[in-house]
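Here is a friendly walk through one protein model, taken a piece at a time. Have your viewer open and follow along.

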Amino acid sequence: AWFMLRHYGASQVAILDGGLQRWLAEGLPVTAEPPPERRARFVATPRPQEVVGKAELLRGHSALVVDARSAARFAGTEPEPRPGLEAGHMPGSRNLPFAALYQEDGRFKPPHELRAAFEAAGVDPSRPFVATCGSGVTANSLIFAARLLGNRDTRLYDGSWTEWGADPLTPKEKG
């Protein structure tokens with residue numbers, strides 16, 4: 001939701017680090033009452049520079065592609081959960097499973113640990129990259145973590161492996 005809201009022009013979007021579970025654990029207030037009604041108008045203004053498509057990647061997009069799927073799915077040793085998708089990953093991409101960015105309580109790891117996770121995956125978190133995953137959702141964890149480290153030059157391949165792995169003409173690697 002954070003990426004989509006920003007992509008369509010919302011400028012003040014935040015993430016509740018640790019989610020509602022942490023909010024409740026800290027004893028912060030909640031209510032079942034609906035918020036007061038107020039008039040508002042939102043005009044969607046897409047930011048196409050934040051996404052990249054399959055055609056652009058096939059032409060040889062210059063930024064590194066970073067895949068947020070599990071190591072086994074990336075390597076092609078675990079079957080894809082969606083029927084009809086080949087196993088593996090995009091040639092030249094790196095793997096940084098999104099779960100490696102979070103602490104056990106659901107919060108993002110501190111900056112030095114985020115940076116170490118990126119670097120262990122062979123990714124410089126300060127450089128531009130394209131994030132991908134299975135369906136274009138968990139890749140946003142990579143984008144947000146990079147933003148926490150100051151990188152504002154990331155893009156999303158929202159077709160992700162669902163699009164790439166279903167196309168028999170796209171190149172794929174295993175291992």
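This is a predicted model: local features need pLDDT of at least 70, side-chain atom pairs count only at pLDDT 80 or more; totals for chains, interfaces and linings use all residues.

## The sheet and its pairing

Across the pairing of two strands, V66 has R94 in β2 standing opposite. Strand β1 covers residues 64–67 and is joined to β2 by two bridges, the two strands running parallel. Strand β1 also runs parallel to β3, with four bridges between them; here D67 has T132 in β3 as its bridge partner.

Moving on, β3 pairs with β4 in the parallel sense over three bridges, and A131 stands opposite L156 in β4. Put together, the four strands form an open sheet in the order β2-β1-β3-β4, with parallel pairing. The edges are taken by β2 (94–95) and β4 (154–156); each has a single partner strand, so one side of each is left without a neighbour in the sheet.

Which way do the side chains of β3 point? In this strand, residues 129–132, F129 and A131 point one way while V130 and T132 point the other way. In a regular strand, side chains alternate between the two faces of the sheet. F129, A131, V130 and T132 are all buried.

Which residues of helix α5 are buried? In this helix, residues 111–120, they are L114, A117 and F118. These residues cover an arc of only 95 degrees around the axis, which puts them on the same side of α5. The other side of the helix carries H112, E119 and A120, which are exposed.

As for what the buried side meets, the buried residues of α5 pack against β3 and α6. After the helix comes G122, with a positive phi near 80 degrees.

## A buried aspartate

The last stop is D167, in the segment that comes after α7 (160–166). Is D167 buried or exposed? With a relative accessible area of 16%, D167 falls under the 20% cut-off and therefore counts as buried.

The side chain of D167 reaches the backbone nitrogen of L169 at 2.8 Å. If neighbours within four places in sequence are left aside, D167 is in contact with K54, E86 and K172.

Technical notes:
Residues are numbered from 1 along each chain as its sequence is written. Side-chain values use heavy atoms; hydrogens and water are left out. Buried means under 20% relative accessible area, exposed over 50%, partly exposed in between (1.4 Å probe, protein chains only). A polar contact is a pair of N or O atoms within 3.5 Å; within protein, one must be able to donate a hydrogen and the other to accept it, and residues adjacent in sequence count only if both atoms are side-chain atoms. Contact means heavy atoms within 4.5 Å. Two strands pair if DSSP finds at least two bridges between them. The arc is that of the directions from the helix axis to the C-beta atoms.
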